Structure formats: structure tokens, C-alpha cells
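Please look over the structure below before reading on.

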Amino acid sequence: MANSGESLCEAAREGDVEKAISLIDSGADVTYFDKEGLTPLMHAANHGHSQVIKALLDAGAPWNALSPSNVSAGDFAMENGHQAAFDLLLNTGIQAELILGTIARKENAKGKSDSDYLADRVNFSEDKVMDSKSKAVMMAWEKPLMEAHAKAICSKGGDMLNIGFGMGLVDTAIQQYAPTSHTIVEAHPEVYNRMLHAGWGEKVNVKIIFGRWQDVLSQLGSFDGIFFDTYGEYYEDMREFHQHLPQLLKPGGIYSFFNGLCGGNPFFHVVYCQLVSLELENLGYSTQFIPLPVKDCLGEEIWEGVKHKYWQLDTYYLPVCQCIEDTE
Ligand SMILES: C[S@@+](CC[C@H](N)C(=O)[O-])C[C@H]1O[C@@H](n2cnc3c(N)ncnc32)[C@H](O)[C@@H]1O
């Protein structure tokens, strides 16, 4: 006789909600992984059985479990065009991250900070900057994205702020718009020295502030365009930065950030795009995502020698945020 986990997977595949509920009520494990490494929720999502999905989620099935090939239930729904199933999973993901996510993320980040990265050596080459663990701090394939970010934040001219110099790609692009002023905050001593070496300190409209953005906020004024792209930090850090936007962004100003949120999984990326846009909305900002295809600039060879492939999606969603009052 099949075990109850297998039976639940079967009910999920068949969309038999009554059987699924009865199995759950008699103790079937909603977190069960079958021999293919799939959960009942993944089976239900794959076939678009929304009622079963709802029953499983109500019983505590994990929305963010991954199959051996890193596919989540939401990815299955998305790949197969099951809109209602997708919406259910998306809302569950957003709610979970909104309520429990903050606590969980804080727990995960406890004791860790970017101070490790900032105290370590970095390695510069023509096409990337790497940390001491061979993880990419910044890569040249992002150049077109950085140019698009610069275009977005410079669209009204004025005073620009960039947090995180990296390879200077976004700053080089910002300079092309001849902003009134251009402030760059950079915390890594080697990146900072390299900036100086490359002549960034001599540009008339450029002001470099060395230090972590968290520590230099009082030295910043207010800006017409802001871009945020750090390394070795967490979603919580960016969230904290967003709390300062009302002071940092002038009325009518434009804010953007590197949107690498969950760049390894299409569904989690959607969840985090929605999450960040909800959190920005609560602060009074509307977010528009501009889709940019990136598949063609991302050959396998690009990742040679890079430990973590931080981006695996075909489309980049460039966020453009403005005060809601300015858009009305
Ligand atoms: C991904 S790179 C930025 C790439 C940049 N957008 C470009 O176009 O080349 C991140 C940069 O942020 C810097 N950084 C990391 N944590 C920081 C912090 N708390 N404050 C300021 N800069 C930080 C890193 O040293 C690194 O140079």
C-alpha cells in the first residue's frame, strides 16, 4: 500500500481536493518529497489544481520548497501558465515574507554583516571584481543594465547619488549625463583607492565619500536621482536604506536599485519584486519595473571561475521608483 505522502502527491496530481483534505486530516505529511524530489504542492501547481493548492497551503505546505533542479511550486505554475495557481502561491509567498520573512532574515543575518567582505582583499580584472572567496562583487556583463539605471535616475538631471562604486560602470554612465553634482559612496578601501587612482577624485562635479552608507548618511544631502547597489549586504540592509529615501530623495526625484533579488529562481524573483514594491509603496513610492532581456549577454563562459552564479534569469526588471504624489 502506498504511504500517505505518496497518496497525497497522487491526489494533488489528480486535483482530487476531497481526497487531499481527507489525507491531510488523517495526518499525511504536506512537506513530503517523493522519489523525484517533488512535494504535493509542486504536483498540484504543475497541474494547476488551485483548490488542492489552497488546502495544502492552509495545512502548512512550504510554498518555497525546491525540487532537486531548484524548481518551486510557483515555478511549476508559472511555466505551465496556471494563473490562478500562480496567484495563490505568489500571495502566500509575499505574505510569508512580509510577516515571517523579516524575522527569519534578521535571524539569518545575525552576527554576519558586510564587515567580513569589507576587511578582505578584492581582486580586479578587466571583466570583474571578485571577493576573496571567488564570488563576484561586480561583473562587466551588467554594463548595459548599469547604463539603463543611469539613464533612469538622470532623466531629470540635477544632483545624483550612487551607493557602491564596484567597477564604476553606473558612475561612468551617470557622468555622461553631466549631472550638477555626482556623489559616490564606497566602503571598500581597495575599491576606493582604485577610484582615486583612476582619477575619480579630480572630476569637478564628483564628490566621493569613503565609508559604509550606514555610517555616512549625515554627510549626504538630498538628490534628484539615487542608485543603490552594494555587495555583501542583505535585503534587510536595502530595506533599511529605503527608510531614508524620504530625506535623501528630492521631490520629483527618481530612485533605482540593482534588482538582483533572488536572481537564481524565477518565481522567488517575482515574489521579491512584489515585496520590495509593496514595502516601497508603504513609504510613499511607486515602482515601475522595466523589462530588459539579458539572455544574450550571459553565456556560460562568463561565469568561469566565479563561485556563485548570482543571476540566472532571462529578463532583468529594472526598478524605477518615484514618490507617489509626483506621479499623480
Ligand atoms: C555590486 S558593486 C557596485 C557596482 C556598480 N553599480 C557598478 O556599476 O560598477 C557593490 C559595491 O558596493 C560597495 N559596498 C558594499 N557595502 C557597502 C556599504 N555598506 N556602503 C557603501 N558601499 C558598499 C562594494 O565595495 C562594491 O564596490
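## Helices α12 and α14

In this predicted model, helix α12 (residues 235–243) and helix α14 (residues 266–282) have axes that come within 11 Å and cross at roughly 25°. Because angles under 35 degrees count as roughly parallel, α12 and α14 are therefore described as roughly parallel to each other. The crossing in which α12 passes α14 is right-handed.

On the α12 side, the residues in the contact are Y235, M238, R239 and H242, and they meet Y272, L275, V276, E279 and L280 of α14. Sorted by class, the residues of this contact between α12 and α14 comprise six nonpolar, one polar and two charged.

## Helices α3 and α4

Another helix pair is formed by α3 (residues 40–47) and α4 (residues 50–58), whose axes lie 9 Å apart and which pack at an angle of about 155°. Since angles over 145 degrees count as roughly antiparallel, this angle makes α3 roughly antiparallel to α4. The crossing of α3 and α4 is left-handed.

Within this pair, P40, L41, A44 and A45 of α3 meet V52, I53, L56 and L57 of α4. The contact of α3 with α4 is made up of eight nonpolar residues, with no polar and no charged residues.

## Domain arrangement

The chain is divided into domain 1, covering 4–109, and domain 2, covering 135–327. Taken over C-alpha atoms, the centres of domain 1 and domain 2 are separated by 34 Å.

How many residues of domain 1 are in contact with domain 2? There are 19 residues of domain 1 in contact with 15 residues of domain 2. The size of an interface is often given as the accessible area lost when the parts come together. For domain 1 and domain 2, the area buried between them is about 1,500 Å², and carbon and sulfur atoms give 74% of that area.

## Residue N123

N123 is placed in strand β1, which consists of residues 123–124. When residues up to four places away in sequence are not counted, N123 touches K128, V129 and M130.

Definitions and conventions
Residues numbered from 1 in each chain as written. Predicted model: local features only at pLDDT ≥ 70, side-chain atom pairs only at ≥ 80, totals over all residues. Heavy atoms only, no water. Axes fitted to C-alpha atoms, helices over the stretch in contact; angles between N-to-C directions. Helix = DSSP H or I, 4+ residues; strand = E, 2+ residues; numbered from the N terminus. Parallel < 35°, antiparallel > 145°, perpendicular 65-115°, else oblique. Left-handed = near helix turned anticlockwise from the far one by under 90°. Contact = heavy atoms within 4.5 Å. Nonpolar A, V, L, I, M, F, W, Y, C, P; charged D, E, K, R; others polar. Domains from an automatic or database assignment. Buried area = accessible area lost by both parts, 1.4 Å probe.
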